[in-house]
Amino acid sequence: MPNPKIISLRVFLTLLLLSAASCAQLPSSSKNQPGLSILQLASLEDRAEFNVLAHRSWPLEVLVKRPDGSALAPERHDQSQWEDSPWVIHHLLFTGLQHSEEELHRLVVRARGSVLDEREFGTFRVQGQGLRFAVGSCADQRSADTPIWQSISDRRPEWFFFIGDNAYVTLTPVSSARELWERHAAARQQIGLYRWQRLIPVHAVWDDNDYGLNNGGAEFALRDAAQEIYRSFFLPRFDHPQLARGPGLATRLSLRGMHFHFLDNRSFRSADPEGEHLGAEQTKWLFEDLAQSQLPSWLLMGDQFFGGHHGFESFEGSHPRAFEAFVTGLKGQSTPFVMVSGDRHLSEVMQFPRSLLGQLSFEFTTSPLHARTYPGNAEKYPNPWRVKISDDSEAFMLFETGLRESSWGIALEAIDPAGRTLFGRDLSLTTEALKDFTIEPSGQQRRRYRRARWRR
């Protein structure tokens with residue numbers, strides 16, 4: 001099975017000379033939206049990484065214009081491609097940047113003397129008291145004509161986390177790795193995230209629709225190729241001091257006194273309900289990391305953690321035995337944590353008592369960004385842990401979080417494509433955390449579920 005070919009800058013420049021002599025026409029815009037498909041990845045005060053999707057015949061020159069007017073060439077410029085696909089990902093690392101709260105840098109992409117695209121971006125300040133970030137999942141490119149990406153940009157998050165089904169490449173079965181690459185390239189040219197005029201750092205993990213096999217797991221014949229392709233399109237190419245890589249596509253970001261664990265729910269998943277969901281190696285990696293740190297932790301995954309109340313995919317519903325062991329392992333952790341998930345095509349907040357996980361915790365589900373919704377599912381599948389839900393609107397979640405003396409504060413909003421708040425909550429992970437919550441009237445069903453499932 002082939003791996004993406006990483007071409008050095010010296011070889012790439014040779015290819016540029018050859019391509020300049022070809023008759024390939026440079027685009028003034030893509031098929032669906034103006035400009036190129038550009039993603040900003042992990043960044044710090046003095047560095048930023050980007051990837052740019054381009055046709056292999058386009059001789060790209062990329063530079064950064066700093067606020068003082070000086071120009072900066074990339075420290076690294078690598079390239080990923082798959083076999084003879086015409087679509088290439090350019091990986092660019094810029095260092096020597098200067099952080100400013102008021103002024104932005106500009107990323108400029110040129111070819112043959114013409115500017116193909118130009119974007120604004122800022123750097124990320126590591127030190128700070130809190131973090132403002134947005135989370136979304138389920139971006140079906142067939143419904144990409146939506147204002148939701150502009151609504152996210154308008155809220156000015158410092159990061160965006162893309163937590164699964166970031167492209168729908170499984171609309172028909174995927175027959176080869178090259179086809180998987182092509183489908184990701186096609187989605188990149190349609191989804192509004194990649195057209196933001198003001199870029200922000202993005203970090204991602206997958207679910208089945210961008211993995212390549214609907215409801216797929218470790219049995220997928222293209223699993224290893226799918227991992228390499230996903231890394232090329234969505235993850236940092238270069239080492240980053242705040243990023244640790246785990247098994248499969250698992251990663252951990254350290255941002256302003258918090259850890260963000262992005263969990264790979266596909267590479268190790270068993271088709272057997274008695275088998276694994278995250279796999280023994282990844283689970284060990286996560287628990288060892290939690291045990292060694294007292295930093296508040298976010299656990300992010302494509303499908304829901306707690307989902308035994310419905311018949312769709314979730315850790316609890318798909319692999320109940322492994323989930324029970326996972327909950328037991330979490331209960332032994334002293335590090336405070338919350339969970340973030342997608343996939344369910346609804347926005348939901350769940351709250352768990354200390355008796356279940358050993359400490360107060362929550363699960364936040366946000367889905368879809370743009371895809372079909374299923375009004376009525378909240379009533380059809382009552383959730384014993386539910387605090388709040390919206391099941392009739394596309395949405396993303398916006399979080400403002402940070403340490404407040406001895407407590408961990410989390411303010412969240414579920415926001416629709418027009419920028420309207422569907423619901424919001426201001427939480428504090430202390431003994432007084434839920435005094436402002438109104439629990440939905442499902443007490444008897446909640447007690448039956450807890451007694452049958454967790455009090456055995």
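Two strands count as paired if DSSP finds at least two bridges between them. The model described here is predicted.

## A hairpin of two strands

Strand β5 (residues 76–81) and strand β6 (residues 87–95) pair in the antiparallel sense, and six bridges join them. Five residues lie between the two strands of the hairpin, and Glu83 in the turn has a positive phi of about 50°. Strand β5 is mostly covered, with five of its six residues buried.

## The eight-stranded sheet

An open sheet is formed by eight strands in the order β13-β14-β15-β16-β17-β19-β18-β20, with mixed pairing. β13 (243–245) and β20 (386–390) are at the edges and have a single partner strand each, so one side of each has no neighbour in the sheet. From one strand to the next, the twist averages 15°.

Strands β17 (residues 337–341) and β19 (residues 361–365) run parallel and are joined by three bridges. Val340 has Phe364 in β19 as its bridge partner. Helix α6 (residues 280–291) packs on the sheet, where it touches β13, β14 (251–255), β15 (258–262) and β16 (297–301). The direction of α6 makes about 175° with that of β15.

## Nonpolar cores

The largest nonpolar core has 64 residues; Phe94, Trp149, Phe160, Phe162, Leu193 and Leu369 touch the most other members. Helix α5 (residues 223–234) gives the most to this core, with six residues. A second, separate core has 33 residues, including Val135, Ile163, Leu243 and Phe399.

Leaving out residues up to four places away in sequence, the contacts of Phe94 include Phe50, Val62, Val64, Leu72 and Leu107. Asp46, Arg47 and Glu75 are also among the residues that Phe94 touches.

Most residues other than glycine have a negative phi, and most peptide bonds are trans. Arg156 is not a glycine, yet has a positive phi of about 55°. Arg156 is found in the loop between α2 (148–154) and β10 (159–162), and counts as partly exposed at 43% relative accessibility.

Asn215, also not a glycine, has a positive phi of about 60°. The loop between α4 (208–211) and α5 holds Asn215, which is partly exposed with a relative accessible area of 45%. The peptide bond from Ser367 to Pro368 is cis, with omega near -5°. Pro368 is found in the loop between β19 and α10 (377–380).

Conventions. Residues numbered from 1 in each chain as written. Predicted model: local features only at pLDDT ≥ 70, side-chain atom pairs only at ≥ 80, totals over all residues. Heavy atoms only, no water. Core = buried A, V, L, I, M, F, W, Y, C linked by side-chain atoms within 4.5 Å. Buried < 20%, exposed > 50% of the residue type's maximum accessible area, 1.4 Å probe, protein only. Helix = DSSP H or I, 4+ residues; strand = E, 2+ residues; numbered from the N terminus. Contact = heavy atoms within 4.5 Å. Axes fitted to C-alpha atoms, helices over the stretch in contact; angles between N-to-C directions.
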